[in-house]
Amino acid sequence: MSDLSTHPHNLDALEARLRQDLSWLELPAKAWVPAREIDGQPVIDVVIIGGGMAGLVASGMLKRLGVANHVILDKAPAGQEGPWVTFARMRTLRSPKQLTGPAMGLPALTFRAYYEARFGSAAWMALDRAPRETWMDYLIWYRKVLELPVRNGVSVDAILPRDDGMLDLACSENGRTETIIARHVVLATGRDGLGGPFVPDIAENIDRRFWAHTADAIDFAALRGKRVGVIGAGASAMDNAATALEAGVARLDMFVRRKELPRINKFTGIGSQGVVHGFAGLPDEWKWRFLDYAMSQQTPPPRPSVLRVSSFERAHLHLQSPITGLQQDGDQLVVTTSKASYPLDFLIFGTGFKIDLTNRPELAVFEPHIRLWRDRFPMPAGMANAELEGSPDLGEAFEFLEREPGSCPVLSKIHCFNFPATLSHGKLTGDIPAISEGADRLARGVVRSLFVEDREKHFANLQAFDTPELLGDEWFDAETEALPELSSERT
């Protein structure tokens, strides 16, 4: 095989190396889960909802462990899964370029290997952080080289329990409907996977044409020459403010509650394999303590994002300026803070996301049964945190647990592999750094469940297996060989 370093622009060479690595490691493992049918319809062992990074690496891990009968469903067209080329508006990823992310421990599957194969090692050395469009190209390549089973354009409208302990997924595609029978479902649905964008109540009576959330599709070209406000100063708020400025808005006002922007990314500072693998083993009160503290400190926006905004004289940052009023006045808005009022043509909420199961129609049947942390864990004094309170209380394989034991056993077949899993498992599901470790934990749990559930079939296979290792002609009983000789000596 050719040395990749001598062909730095050759993806074919990288793919050949990856195939060889997988072959040497005997991956993926052979399929081992017994096939099932119900009324002539094949049962899918695992359905993954969401074809972004988390869904892809979950699929890769399941395939690695021999769970071949699975599928990824994503409502987006191919190449537009996740946020990277839709509502993400940063120039580059926020994570350091060298993080191995979804590579599952395979050097040839890393972003670095992909980037160097396309652009060369010198380009890699000169690169600061991954451009988000290039990261999306990498994920598209990742899906292709691992031959992952993605179906695009499919919406999952409802997940329903079955009497046989499996799940029905009511799906729609191009106006057609179908029902998929699944043994397990993985929700790889991203930051808003158990809720949606958070917008404060002040927007409730404001015409929708005057405002948007950072997760919405926004026509920035239409904002040229307009007065635009942004609430919040996190990474997404900064990126949207910068995009508006670059589109030519006349004035940009950012409204921030704090007296200064946060400067230190606490969790990045303590990042280690100890945190990755040890967080889930913490006592509940320590899990809460870690996350409540980190959330109260907030994550600073990346320095390049801030500089991207502050480079415009038309940008105005208002610190210690919580919004106290929002009114629609003819063809404009009036934002009132504790300091002043500001006329605007358009307002962007960079206010993050919320956990709200009632906002997920596909989970409507299960919502009353899903156990949240507030259902069993008394909130520590002085650490009130609504987001943590509303987080799902998950099992070892990210599975939902019952609020009332025995009320909905099939919940254990639905796995929450998205951002709200953080309180139970740590940051393994919503960010690049430890996504492979999270997928490994998920896949091993699913494999365990599938094997245990099929134990009778596997035991029957054990009993029925009859391929001989020895044929009977390899050796003879020493006593049997010696008998004739002993008899003649006595005579």
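Guide: Happy to, and we'll take those topics one at a time. This is a predicted model, so to speak of local features we need pLDDT of at least 70, side-chain atom pairs count only at pLDDT 80 or more, and totals for chains, interfaces and linings use all residues. Residues are numbered from 1 along each chain as its sequence is written, and side-chain values use heavy atoms, with hydrogens and water left out.

Visitor: How many aromatic pairs are there?

Guide: The count is 22 aromatic pairs. Rings of Phe, Tyr and Trp (its six-membered ring) pair if their centres lie within 6.5 Å; planes under 30 degrees apart are stacked, over 60 edge-to-face, and the rest tilted. One of them joins Y138 and Y142, edge-to-face, at 6.1 Å centre to centre with 70° between the planes.

Visitor: Where do Y138 and Y142 sit relative to each other in the helix?

Guide: They are four residues apart in helix α5 (residues 132-145), so about one helical turn separates them. Helices (H or I, at least four residues) and strands (E, at least two) are DSSP runs, numbered from the N terminus.

Visitor: Is Y138 buried or exposed?

Guide: Y138 is buried, at a relative accessible area of 0%, and Y142 is buried with 0% too. Buried means under 20% relative accessible area, exposed over 50%, and partly exposed in between (1.4 Å probe, protein chains only).

Visitor: And what about W288 and F377?

Guide: W288 and F377 make a tilted pair, 5.5 Å centre to centre and 35° between the planes. W288 lies in helix α9 (residues 284-297) and F377 in the loop between β18 (353-355) and α11 (386-389), so this pair ties together parts 89 residues apart in sequence. W288 counts as buried at 1% relative accessibility, and F377 is buried at 11%.

Visitor: Which residues do ring pairs link into a cluster?

Guide: The cluster consists of W84, F111, Y114, Y115, F119, W124, W135, Y138, W141 and Y142.

Visitor: What sits over the ring of W124?

Guide: The charged end of K97 does, 4.6 Å from the ring centre. For that label, NZ of Lys or CZ of Arg must be within 6 Å of the ring centre and within 35 degrees of the ring normal. R191 also lies over a ring face, that of F419, at 3.9 Å from the ring centre.

Visitor: New topic: how many cavities of 30 Å³ or more are there?

Guide: The structure holds one. The largest cavity has a volume of about 50 Å³. On a 1 Å grid over the protein atoms alone, a cavity is a set of points where a 1.4 Å probe fits but cannot get out, and a pocket is an open set with protein on both sides within 12 Å along at least five of seven lines; lining residues have an atom within 4 Å of a point.

Visitor: Which residues line the largest cavity?

Guide: L93, S95, P96, K97, L99, F111, A130, W135 and I432 do.

Visitor: Last one: what can you tell me about H184?

Guide: H184 is in strand β8 (residues 176-187) and is buried, with a relative accessible area of 1%. Leaving out residues up to four places away in sequence, H184 touches D45, V46, V47, S412, K413, H415, V446, S449 and L450, where contact means heavy atoms within 4.5 Å. By contrast, H184 and G269 are 85 residues apart in sequence and 36 Å apart in space, C-alpha to C-alpha.

Conventions:
Grid points are joined across faces, edges and corners, and a volume is the space filled by probe spheres set on the points.
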